[in-house]
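Colleague: May we go through the charged side chains together? Please put the structure up before we start.

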Amino acid sequence: AEMGDLDHAGHDDVLVGVSGRVAPNSDWVGALLVYSGRDGSVLVRAYGDRIGGLLGEQGTSALGDVNGDGRADFLGTQIGNQMVTRVFSGLDGRELHRLTFVIPSGWFRVDAHLDANLDGAGDYLLGLTGGAGQLGEAQLFSGRDGSVLGRFGGERIHVGLGGCGRGAGDLDGAGHGDLVVGVGFADGPAG
């Protein structure tokens, strides 16, 4: 994911989820790494905190500056019997906040390219397609504090609402970020 010029070196930097990364204590937890666009060095590291949790496997995204320190921050997800979305500081990689929730089945997706509530911090969209017999759902969260800004539920089972989604800029001219949520298995104009 693009991070902008995090280190102010004149080149855009890149966030990468490395779900197979081993932490310094030899635990297999995954990691998020921010690489310098200038020389490829690692600027910031954030490790998972669950063995086998694969931080970065299900999604990574830049958020903009959510804690007001002048540096873009970022998020990543880790898996297990609960899905955890963790927001990290772009300055030092420390965790700023997390959301934990049960994922019954289906695919999970994260994206963070909008400021829906106009607080200057990037907000993020989590999509869950749902498994057999489920409608699917997308939820919009504040990047600043993790509070729920909106929920969008599917209308038909088995069509995969929430399998993809993205901030779409200000489509309707209302002055705040809008979003698009995909319905991956719909067919025809009515889904």
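**Charged side chains and their partners**

Modeller: Please bear in mind that this is a predicted model. The structure holds seven salt bridges.

Colleague: Which residues are linked in a network of salt bridges?

Modeller: The network consists of D49, R86, E95 and R98. Within it, D49 and R98 meet through their side chains, at 2.4 Å from N to O. This pair links distant parts of the chain, 49 residues apart: D49 is in the loop between β4 and β5, while R98 is in strand β8.

Colleague: And how far apart are the closest N and O atoms of R86 and E95?

Modeller: They are 2.5 Å apart, and the two residues form a salt bridge.

Colleague: Is R86 buried or exposed?

Modeller: R86 is buried, because its relative accessible area is 6%, under the 20% limit. E95, at 31%, is partly exposed.

Colleague: Let us change topic to D13. Where is it found?

Modeller: D13 belongs to strand β2, which covers residues 13-18. It is buried yet has no salt bridge. The nearest side chain of opposite charge is that of R38, 7.4 Å away.

Colleague: Which residue does R38 form a salt bridge with, then?

Modeller: R38 forms one with D39, with the closest N and O atoms 3.5 Å apart. D39 counts as partly exposed because its relative accessibility is 45%.

Colleague: What lies 2.7 Å from a polar atom of the D13 side chain?

Modeller: The backbone nitrogen of L6 lies at that distance, and so does the backbone nitrogen of G37. Beyond its neighbours within four places in sequence, D13 is in contact with several residues, including V34, Y35 and L43.

How values were computed:
Residues are numbered from 1 along each chain as its sequence is written. This is a predicted model: local features need pLDDT of at least 70, side-chain atom pairs count only at pLDDT 80 or more; totals for chains, interfaces and linings use all residues. Side-chain values use heavy atoms; hydrogens and water are left out. Helices (H or I, at least four residues) and strands (E, at least two) are DSSP runs, numbered from the N terminus. Buried means under 20% relative accessible area, exposed over 50%, partly exposed in between (1.4 Å probe, protein chains only). Lys and Arg count as positive and Asp and Glu as negative; His and the chain ends are not counted. A salt bridge is a side-chain nitrogen of Lys or Arg within 4 Å of a carboxyl oxygen of Asp or Glu. A polar contact is a pair of N or O atoms within 3.5 Å; within protein, one must be able to donate a hydrogen and the other to accept it, and residues adjacent in sequence count only if both atoms are side-chain atoms. Contact means heavy atoms within 4.5 Å.
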